[in-house]
Amino acid sequence: MQFDHPLQAETHAHVERCLSELFDDPFHDEDNGHFYVRYGSTVLEISVEPYSPEEAAVLIMAYCVQGVNLEEQLLLGLLELNHSLPFGAFSLVDQDVFFSHSLFGHNLDGRALLAAIEAVAGISDDYDGRIIARYGGKTALERIRDTGGRKQRQS
């Protein structure tokens with residue numbers, strides 16, 4: 001993986017060490033440098049992105065619901081939640097709902113990283129069942145079980 005600057009590389013190495021201490025088997029995708037961990041019923045993707053020449057951002061993203069039925073009430077509800085949540089935000093890509101939060105990486109310690117992972121996973125766990133009950137879709141773990149880890153192609 002190519003890094004934009006030394007601080008991004010240092011932060012990436014630090015996150016890798018922390019995740020190895022916190023989780024039994026974090027998956028590291030060598031192609032894009034992202035890490036994947038399972039926390040409860042949620043799959044999390046953790047990446048280290050350049051923010052400025054002096055800073056890197058650690059992005060923690062939960063795959064909340066995949067294949068949701070897009071309805072106006074869902075979209076408005078997610079926007080209202082984004083306004084009321086103390087941190088993080090829901091987002092939508094195609095028919096997949098994500099919840100994510102970013103941290104600055106320069107002085108990030110393991111406790112803060114774990115707290116953010118727990119919070120992102122907890123919020124995703126709190127809302128995935130509610131979203132699925134009303135708008136359909138599957139959790140990331142259900143999708144993995146159904147497809148053997150491959151995202152189904154849409155025709």
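The structure is a predicted model, in which local features need pLDDT of at least 70, side-chain atom pairs count only at pLDDT 80 or more, and totals for chains, interfaces and linings use all residues. Residues are numbered from 1 along each chain as its sequence is written, and side-chain values use heavy atoms, with hydrogens and water left out.

**The second largest pocket**

- Rolling a probe the size of a water molecule over the atoms shows where empty space is left.
- On a 1 Å grid over the protein atoms alone, a pocket is an open set of points where a 1.4 Å probe fits, with protein on both sides within 12 Å along at least five of seven lines.
- The second largest pocket holds about 210 Å³ of space, where a volume is the space filled by probe spheres set on the points, and grid points are joined across faces, edges and corners.
- Its lining, meaning residues with an atom within 4 Å of a point, consists of Q73, L74, G77, L78, L81, Y127, R130, I131, R134 and Y135.
- Helix 2 (72-84) and helix 3 (110-135) each supply at least two residues of this lining; helices (H or I, at least four residues) and strands (E, at least two) are DSSP runs, numbered from the N terminus.
- By type, the lining residues divide into six nonpolar, two polar and two charged, with Ala, Val, Leu, Ile, Met, Phe, Trp, Tyr, Cys and Pro counted as nonpolar, Asp, Glu, Lys and Arg as charged, and the others, Gly among them, as polar.

**Helix 3**

- The 26 residues of helix 3 should span 38 Å at 1.5 Å a residue, and its end C-alpha atoms are 36 Å apart, which agrees; the expected span is 1.5 Å times one less than the number of residues.
- At Y127, helix 3 bends by about 30 degrees, the bend being the angle between axes fitted to the seven residues ending there and the seven starting there.
- Buried means under 20% relative accessible area, exposed over 50%, and partly exposed in between (1.4 Å probe, protein chains only).
- The buried residues of helix 3 include Y127, I131 and Y135, and these three also line the second largest pocket.
- G136, with a positive phi near 75 degrees, follows helix 3.

**Single residues**

- Q73 is found in helix 2 and counts as partly exposed because its relative accessibility is 48%.
- Between Q73 and L108 there are 35 residues in sequence and 37 Å in space, C-alpha to C-alpha.
- Most residues other than glycine have a negative phi.
- D94 is not a glycine, yet has a positive phi of about 55 degrees; D94 lies in the loop between strand 5 (89-93) and strand 6 (96-104) and is exposed, with a relative accessible area of 63%.
- L141, in helix 4 (residues 140-147), counts as buried at 11% relative accessibility.
- Q66, in strand 4 (residues 55-66), counts as buried at 9% relative accessibility.

**Cysteines**

- The structure holds zero disulfides, a disulfide being a pair of cysteine sulfur atoms within 2.5 Å.
- C18 is buried, with a relative accessible area of 7%, and C64 is buried, with 1%.
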